[in-house]
Amino acid sequence: MGIELLDSIKENLMKGKANDVKEMCEQAVSEGIPVETILSEGLISAMAIIGDKFKKNEVYVPEVLIAARAMNAGMTILKPLLAAEDVQAKGTICVGTVKGDLHDIGKNLVCMMLEGAGYEVIDLGVNVDPAKFVEAVKEKKPDIVAMSALLTTTMGSMKVTIDALKSEGVSVKTMVGGAPLTDSYASEIGADGYAADAASAVDVADSMVA
Ligand code: B1M
(Lines give C-alpha, C1' and ligand atoms only; values in the text may rest on other atoms or scores of the structure.)
Protein backbone atom coordinates (compact mmCIF):
# COMPACT_ATOMS: atom_id res chain seq x y z
CA MET A 1 0.00 0.00 0.00
CA GLY A 2 2.76 2.43 1.04
CA ILE A 3 4.79 1.70 -2.09
CA GLU A 4 1.72 2.12 -4.32
CA LEU A 5 0.97 5.46 -2.72
CA LEU A 6 4.57 6.65 -3.17
CA ASP A 7 4.41 5.58 -6.83
CA SER A 8 1.17 7.55 -7.26
CA ILE A 9 2.78 10.62 -5.70
CA LYS A 10 5.65 10.26 -8.16
CA GLU A 11 3.39 9.82 -11.19
CA ASN A 12 1.14 12.73 -10.24
CA LEU A 13 4.07 15.00 -9.53
CA MET A 14 5.52 14.29 -12.96
CA LYS A 15 2.12 15.16 -14.47
CA GLY A 16 2.08 18.38 -12.45
CA LYS A 17 -1.09 17.50 -10.51
CA ALA A 18 -0.46 19.76 -7.53
CA ASN A 19 -3.72 19.14 -5.63
CA ASP A 20 -3.46 15.36 -5.98
CA VAL A 21 0.17 15.39 -4.83
CA LYS A 22 -0.77 17.47 -1.81
CA GLU A 23 -3.66 15.18 -0.85
CA MET A 24 -1.55 12.06 -1.35
CA CYS A 25 1.22 13.48 0.83
CA GLU A 26 -1.39 14.08 3.54
CA GLN A 27 -2.62 10.52 3.13
CA ALA A 28 0.92 9.13 3.24
CA VAL A 29 1.63 11.02 6.47
CA SER A 30 -1.62 9.77 8.03
CA GLU A 31 -0.72 6.19 7.02
CA GLY A 32 2.50 6.55 8.99
CA ILE A 33 4.96 6.53 6.08
CA PRO A 34 8.09 8.33 7.35
CA VAL A 35 8.24 11.92 6.11
CA GLU A 36 11.79 11.40 4.85
CA THR A 37 10.62 8.44 2.75
CA ILE A 38 7.75 10.44 1.23
CA LEU A 39 10.22 13.19 0.42
CA SER A 40 12.99 11.05 -1.07
CA GLU A 41 10.99 8.25 -2.71
CA GLY A 42 7.96 10.33 -3.71
CA LEU A 43 8.84 13.96 -4.39
CA ILE A 44 12.61 14.04 -4.89
CA SER A 45 12.80 10.94 -7.08
CA ALA A 46 10.02 12.31 -9.32
CA MET A 47 11.82 15.66 -9.69
CA ALA A 48 15.04 13.79 -10.48
CA ILE A 49 13.27 12.00 -13.35
CA ILE A 50 11.86 15.31 -14.62
CA GLY A 51 15.34 16.83 -14.40
CA ASP A 52 16.82 14.00 -16.37
CA LYS A 53 14.12 14.25 -19.05
CA PHE A 54 14.67 18.02 -19.21
CA LYS A 55 18.41 17.46 -19.79
CA LYS A 56 17.58 15.11 -22.66
CA ASN A 57 15.02 17.54 -24.13
CA GLU A 58 12.22 15.04 -23.51
CA VAL A 59 10.30 17.66 -21.50
CA TYR A 60 10.52 21.46 -21.64
CA VAL A 61 10.39 24.46 -19.28
CA PRO A 62 6.56 24.48 -18.80
CA GLU A 63 6.50 20.80 -17.73
CA VAL A 64 9.36 21.41 -15.30
CA LEU A 65 7.57 24.43 -13.85
CA ILE A 66 4.29 22.59 -13.31
CA ALA A 67 6.12 19.60 -11.81
CA ALA A 68 7.96 21.98 -9.49
CA ARG A 69 4.64 23.57 -8.53
CA ALA A 70 3.30 20.10 -7.63
CA MET A 71 6.48 19.47 -5.65
CA ASN A 72 5.90 22.70 -3.74
CA ALA A 73 2.29 21.67 -3.03
CA GLY A 74 3.55 18.41 -1.50
CA MET A 75 6.22 20.31 0.41
CA THR A 76 3.59 22.47 2.14
CA ILE A 77 2.54 19.27 3.94
CA LEU A 78 6.03 17.86 4.54
CA LYS A 79 8.03 20.99 5.40
CA PRO A 80 6.57 21.63 8.87
CA LEU A 81 7.00 17.95 9.73
CA LEU A 82 10.56 17.90 8.41
CA ALA A 83 11.40 20.94 10.49
CA ALA A 84 9.92 19.21 13.55
CA GLU A 85 11.95 16.04 12.85
CA ASP A 86 15.06 18.13 12.17
CA VAL A 87 15.83 16.29 8.93
CA GLN A 88 19.19 17.45 7.63
CA ALA A 89 19.27 19.19 4.27
CA LYS A 90 22.02 17.98 1.91
CA GLY A 91 23.55 21.42 2.12
CA THR A 92 22.70 25.11 1.91
CA ILE A 93 22.97 27.10 -1.31
CA CYS A 94 22.61 30.86 -1.83
CA VAL A 95 21.32 31.50 -5.35
CA GLY A 96 21.02 34.81 -7.18
CA THR A 97 20.97 36.50 -10.56
CA VAL A 98 23.95 38.82 -10.71
CA LYS A 99 24.06 42.61 -10.58
CA GLY A 100 22.42 44.40 -13.51
CA ASP A 101 20.53 41.29 -14.60
CA LEU A 102 16.79 40.86 -14.10
CA HIS A 103 16.31 37.46 -15.78
CA ASP A 104 14.98 35.03 -13.20
CA ILE A 105 13.18 32.19 -14.99
CA GLY A 106 16.29 30.02 -15.28
CA LYS A 107 17.45 30.97 -11.77
CA ASN A 108 14.04 29.99 -10.36
CA LEU A 109 14.24 26.64 -12.14
CA VAL A 110 17.67 26.08 -10.64
CA CYS A 111 16.26 26.90 -7.16
CA MET A 112 13.37 24.48 -7.66
CA MET A 113 15.60 21.64 -8.84
CA LEU A 114 18.02 22.17 -5.95
CA GLU A 115 15.16 22.24 -3.45
CA GLY A 116 13.70 19.18 -5.11
CA ALA A 117 17.03 17.44 -4.64
CA GLY A 118 17.00 18.13 -0.89
CA TYR A 119 19.04 21.33 -0.54
CA GLU A 120 18.10 24.30 1.56
CA VAL A 121 17.96 27.14 -0.95
CA ILE A 122 18.28 30.79 -0.03
CA ASP A 123 17.05 32.77 -3.03
CA LEU A 124 18.69 36.20 -3.08
CA GLY A 125 16.61 37.29 -6.07
CA VAL A 126 17.75 39.27 -9.09
CA ASN A 127 20.18 42.14 -9.59
CA VAL A 128 22.28 40.88 -6.69
CA ASP A 129 25.23 43.10 -5.93
CA PRO A 130 28.58 41.35 -5.21
CA ALA A 131 28.50 42.89 -1.72
CA LYS A 132 25.08 41.33 -1.12
CA PHE A 133 26.42 37.89 -2.06
CA VAL A 134 29.33 38.39 0.36
CA GLU A 135 26.99 39.56 3.12
CA ALA A 136 24.68 36.56 2.57
CA VAL A 137 27.60 34.13 2.74
CA LYS A 138 28.87 35.65 5.96
CA GLU A 139 25.42 35.56 7.51
CA LYS A 140 23.98 32.26 6.23
CA LYS A 141 27.22 30.27 5.88
CA PRO A 142 26.07 28.29 2.82
CA ASP A 143 28.10 25.46 1.29
CA ILE A 144 27.70 26.94 -2.18
CA VAL A 145 26.98 30.27 -3.85
CA ALA A 146 25.24 29.81 -7.20
CA MET A 147 25.13 32.71 -9.65
CA SER A 148 23.02 33.10 -12.77
CA ALA A 149 23.57 35.56 -15.66
CA LEU A 150 21.70 35.83 -18.95
CA LEU A 151 23.43 38.87 -20.40
CA THR A 152 26.95 39.09 -21.78
CA THR A 153 27.09 42.51 -20.14
CA THR A 154 26.43 41.11 -16.64
CA MET A 155 28.62 37.98 -16.72
CA GLY A 156 31.54 40.08 -15.50
CA SER A 157 29.77 40.61 -12.18
CA MET A 158 30.35 36.92 -11.45
CA LYS A 159 34.11 37.46 -11.44
CA VAL A 160 33.73 40.57 -9.29
CA THR A 161 31.66 38.52 -6.82
CA ILE A 162 34.12 35.60 -6.77
CA ASP A 163 37.02 38.01 -6.26
CA ALA A 164 35.11 39.77 -3.47
CA LEU A 165 34.42 36.44 -1.72
CA LYS A 166 38.09 35.53 -2.00
CA SER A 167 39.36 38.86 -0.77
CA GLU A 168 37.00 38.67 2.23
CA GLY A 169 38.49 35.26 2.96
CA VAL A 170 35.11 33.50 3.20
CA SER A 171 35.19 29.81 2.50
CA VAL A 172 32.44 28.80 0.06
CA LYS A 173 32.22 26.94 -3.25
CA THR A 174 31.01 28.92 -6.24
CA MET A 175 28.89 27.71 -9.13
CA VAL A 176 27.88 29.70 -12.21
CA GLY A 177 25.36 29.16 -15.00
CA GLY A 178 23.18 30.87 -17.58
CA ALA A 179 22.83 30.90 -21.34
CA PRO A 180 25.93 32.96 -22.27
CA LEU A 181 28.22 31.04 -19.88
CA THR A 182 30.65 28.28 -20.77
CA ASP A 183 32.76 25.86 -18.82
CA SER A 184 35.93 27.62 -19.92
CA TYR A 185 34.58 31.04 -18.88
CA ALA A 186 33.73 29.58 -15.48
CA SER A 187 37.31 28.33 -15.06
CA GLU A 188 38.70 31.63 -16.31
CA ILE A 189 36.89 33.62 -13.59
CA GLY A 190 37.85 31.13 -10.88
CA ALA A 191 34.42 29.55 -10.28
CA ASP A 192 34.50 26.09 -8.73
CA GLY A 193 31.79 24.77 -11.01
CA TYR A 194 29.65 25.41 -14.08
CA ALA A 195 26.22 23.96 -14.87
CA ALA A 196 24.63 24.21 -18.29
CA ASP A 197 21.09 23.61 -17.05
CA ALA A 198 19.03 23.33 -13.88
CA ALA A 199 19.31 19.55 -13.59
CA SER A 200 23.09 19.67 -14.03
CA ALA A 201 23.20 22.28 -11.26
CA VAL A 202 22.07 19.49 -8.91
CA ASP A 203 24.85 17.18 -10.15
CA VAL A 204 27.45 19.92 -9.67
CA ALA A 205 26.12 20.75 -6.19
CA ASP A 206 26.16 17.05 -5.24
CA SER A 207 29.78 16.75 -6.29
CA MET A 208 30.67 19.89 -4.32
CA VAL A 209 29.12 18.77 -1.04
CA ALA A 210 30.19 15.12 -1.38
CO1 B1M B 1 16.06 39.21 -22.06
N2 B1M B 1 17.62 38.82 -23.17
N3 B1M B 1 16.60 41.09 -21.95
N4 B1M B 1 14.39 39.45 -21.12
N5 B1M B 1 15.60 37.46 -22.60
C6 B1M B 1 17.85 37.44 -23.54
C7 B1M B 1 18.73 36.73 -22.52
C8 B1M B 1 18.54 37.59 -24.96
C9 B1M B 1 19.44 36.41 -25.35
C10 B1M B 1 17.45 37.87 -26.02
C11 B1M B 1 18.05 38.14 -27.40
O12 B1M B 1 18.48 39.21 -27.67
N13 B1M B 1 18.03 37.14 -28.24
C14 B1M B 1 19.33 38.94 -24.76
C15 B1M B 1 20.75 38.81 -24.22
C16 B1M B 1 21.79 39.09 -25.26
C17 B1M B 1 23.15 38.92 -24.69
O18 B1M B 1 23.51 39.54 -23.74
N19 B1M B 1 23.89 38.04 -25.29
C20 B1M B 1 18.40 39.69 -23.82
C21 B1M B 1 18.39 41.09 -23.65
C22 B1M B 1 19.32 41.88 -24.55
C23 B1M B 1 17.55 41.74 -22.73
C24 B1M B 1 17.44 43.25 -22.45
C25 B1M B 1 18.78 44.00 -22.40
C26 B1M B 1 16.49 43.80 -23.51
C27 B1M B 1 16.33 45.30 -23.49
O28 B1M B 1 15.77 45.82 -22.58
N29 B1M B 1 16.91 45.91 -24.49
C30 B1M B 1 16.72 43.28 -21.08
C31 B1M B 1 17.69 43.28 -19.92
C32 B1M B 1 17.03 43.43 -18.59
C33 B1M B 1 17.98 43.16 -17.47
O34 B1M B 1 18.15 42.02 -17.09
N35 B1M B 1 18.66 44.19 -16.98
C36 B1M B 1 15.96 42.00 -21.13
C37 B1M B 1 14.74 41.79 -20.49
C38 B1M B 1 14.00 40.64 -20.53
C39 B1M B 1 12.62 40.49 -19.94
C40 B1M B 1 12.41 41.27 -18.63
C41 B1M B 1 11.62 40.98 -20.95
C42 B1M B 1 12.48 38.92 -19.81
C43 B1M B 1 12.94 38.37 -18.45
C44 B1M B 1 11.78 37.96 -17.57
C45 B1M B 1 12.27 37.22 -16.38
O46 B1M B 1 13.27 36.53 -16.35
N47 B1M B 1 11.48 37.34 -15.34
C48 B1M B 1 13.50 38.46 -20.86
C49 B1M B 1 13.50 37.16 -21.42
C50 B1M B 1 12.35 36.26 -21.04
C51 B1M B 1 14.53 36.73 -22.30
C52 B1M B 1 14.61 35.41 -23.09
C53 B1M B 1 13.58 35.55 -24.22
C54 B1M B 1 14.34 34.13 -22.34
C55 B1M B 1 15.19 33.91 -21.11
C56 B1M B 1 14.62 32.75 -20.34
O57 B1M B 1 13.97 32.92 -19.33
N58 B1M B 1 14.85 31.52 -20.84
C59 B1M B 1 16.10 35.43 -23.61
C60 B1M B 1 16.25 34.87 -25.00
C61 B1M B 1 16.39 33.38 -24.96
O62 B1M B 1 17.06 32.83 -24.10
N63 B1M B 1 15.78 32.74 -25.92
C64 B1M B 1 16.52 36.82 -23.37
C65 B1M B 1 14.30 30.28 -20.24
C66 B1M B 1 15.21 29.84 -19.09
C67 B1M B 1 14.67 28.53 -18.50
O68 B1M B 1 16.48 29.58 -19.61
O69 B1M B 1 17.49 31.48 -18.30
O70 B1M B 1 18.86 30.20 -20.03
P71 B1M B 1 17.81 30.23 -19.01
O72 B1M B 1 18.21 29.21 -17.84
C73 B1M B 1 18.63 27.89 -18.11
C74 B1M B 1 20.15 27.75 -18.24
O75 B1M B 1 20.77 28.89 -18.76
C76 B1M B 1 20.59 27.37 -16.87
O77 B1M B 1 19.52 26.62 -16.36
C78 B1M B 1 18.28 27.13 -16.85
C79 B1M B 1 17.36 25.96 -17.06
O80 B1M B 1 17.95 24.93 -17.75
N81 B1M B 1 20.90 28.36 -15.87
C82 B1M B 1 21.71 28.00 -14.82
C83 B1M B 1 20.51 29.62 -15.69
N84 B1M B 1 21.04 30.12 -14.60
C85 B1M B 1 21.78 29.15 -14.02
C86 B1M B 1 22.55 29.12 -12.85
C87 B1M B 1 23.22 27.94 -12.53
C88 B1M B 1 23.13 26.83 -13.34
C89 B1M B 1 22.38 26.84 -14.50
O90 B1M B 1 23.98 27.77 -11.44
C91 B1M B 1 24.19 28.83 -10.67
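Helices and strands are here DSSP runs, numbered from the N terminus. In this predicted model, the chain holds nine helices and five strands. Read from the N terminus, the elements follow the order α-α-α-α-β-α-β-α-β-α-β-α-β-α.

Along the principal axes, the C-alpha atoms fill a box of roughly 55 × 35 × 25 Å. Of the 210 residues, 48% are buried. Among contacts with a separation of 6 or more, 71% are between residues 24 or more positions apart. The chain exposes about 10100 Å², with carbon and sulfur atoms supplying 52% of that area.

Five of its five residues (144–148) are buried, so the strand is largely enclosed by the rest of the structure. In a regular strand, side chains alternate between the two faces of the sheet. Here I144, A146 and S148 point one way, while V145 and M147 point the other way.

Strand 3 also has partners. Strand 1 (residues 92–98) runs parallel to strand 3 and is joined to it by five bridges; I93 has I144 as its bridge partner. Strand 4 (residues 173–177) likewise pairs with strand 3 in the parallel sense over five bridges, and S148 stands opposite G177. Between strands 3 and 4, the chain passes through helix 7 (residues 156–167) in a right-handed β-α-β crossover.

Finally, there is the ligand. H103 lies in the loop between strand 1 and helix 5 (105–116), and its NE2 atom, at 2.2 Å, is the only protein donor of the ligand's cobalt atom.

Key. Residues are numbered from 1 along each chain as its sequence is written. This is a predicted model: local features need pLDDT of at least 70, side-chain atom pairs count only at pLDDT 80 or more; totals for chains, interfaces and linings use all residues. Side-chain values use heavy atoms; hydrogens and water are left out. Buried means under 20% relative accessible area, exposed over 50%, partly exposed in between (1.4 Å probe, protein chains only). Helices (H or I, at least four residues) and strands (E, at least two) are DSSP runs, numbered from the N terminus. Two strands pair if DSSP finds at least two bridges between them. A crossover is right-handed if, with the strands pointing away from the viewer, the path from the first strand over the helix to the second runs clockwise. Donors are N, O and S atoms within 2.8 Å of the metal (3.2 Å for Na, K and Ca); water is not among the atoms, so sites may look incomplete. Contact means heavy atoms within 4.5 Å. Accessible areas come from the Shrake-Rupley method with a 1.4 Å probe; for residues, only the protein chains shown count as cover.
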